[in-house]
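Okay, thanks everyone, I'll keep this short.

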Amino acid sequence: PLLAPSLPSPHPEHFPPARVLTQLYELYVSDREGDDSAGTGTKEKPFKTALQALTAFGKEPFPTIYVDSQKEGERWDVISNTQLKNLKKLCQRGQVKNETAAQKEIEDALRREKNLEEARKVVIKLDPSLPEPKLVSNI
């Protein structure tokens, strides 16, 4: 199996480029020894949660995911199909949510820019039909 050398932290701001993780054929997850913030998905540095492994990998087709084995004398076992299916749904929901948030952020930025442009067009002038303004208090 092809395993990547140690990769950067899987926090969103530290995600390795997708092409690096997509070169992995196996991801490892260990509830006992894994770490979602420093794990890389290798045997030596597994993720703590399978959801983080899928999120870090990014998109299907996902590699084989190995989790802590419940069998005596075995270290790793392939994740169950049911668990993988549920995790894929969660991962997809998260991706849709992130895409929606990104789209909303873009729309908000465009709206703010348009409002700023409109505000720049406003010109304040003294109305000559009114008396001259006077300073009421020198605070």
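This is a predicted model: local features need pLDDT of at least 70, side-chain atom pairs count only at pLDDT 80 or more; totals for chains, interfaces and linings use all residues.

By buried I mean under 20% relative accessible area. Which ones are they? The buried residues of α2 are Ala50, Gln52, Ala53, Leu54, Ala56 and Phe57. Then, just past the end of α2, you reach glycine 58, which has a positive phi of about 100°.

Okay, on to the sheet. We've got three strands in an open sheet, ordered β1-β2-β3, and the pairing is mixed. At the edges sit β1 (26–28) and β3 (76–78); each has a single partner strand, so one side of each has no neighbour in the sheet. On average, neighbouring strands here are turned by 35° against each other, if you ignore direction. β1 and β2, the latter being residues 64–68, run parallel and are joined by three bridges. If you want a pair to look at, tyrosine 28 has tyrosine 66 in β2 as its bridge partner.

Last stop, the largest pocket. How much space lies in it? About 240 Å³. Ten residues line this pocket, and the closest to its centre are Thr55, Cys91, Gly94, Gln95 and Asn98. Our helix α2 comes back here: α2 and α3 (81–121) each supply at least two lining residues. α3 gives the most, with six. Sorted by class, the lining has four nonpolar residues, five polar and one charged.

Okay, that's my tour; over to you.

Definitions and conventions: Residues are numbered from 1 along each chain as its sequence is written. Side-chain values use heavy atoms; hydrogens and water are left out. Buried means under 20% relative accessible area, exposed over 50%, partly exposed in between (1.4 Å probe, protein chains only). Helices (H or I, at least four residues) and strands (E, at least two) are DSSP runs, numbered from the N terminus. Two strands pair if DSSP finds at least two bridges between them. Axes are lines fitted to C-alpha atoms, for helices over the stretch in contact, and angles run from 0 to 180 degrees between N-to-C directions. On a 1 Å grid over the protein atoms alone, a cavity is a set of points where a 1.4 Å probe fits but cannot get out, and a pocket is an open set with protein on both sides within 12 Å along at least five of seven lines; lining residues have an atom within 4 Å of a point. Grid points are joined across faces, edges and corners, and a volume is the space filled by probe spheres set on the points. Ala, Val, Leu, Ile, Met, Phe, Trp, Tyr, Cys and Pro count as nonpolar, Asp, Glu, Lys and Arg as charged, and the others, Gly among them, as polar.
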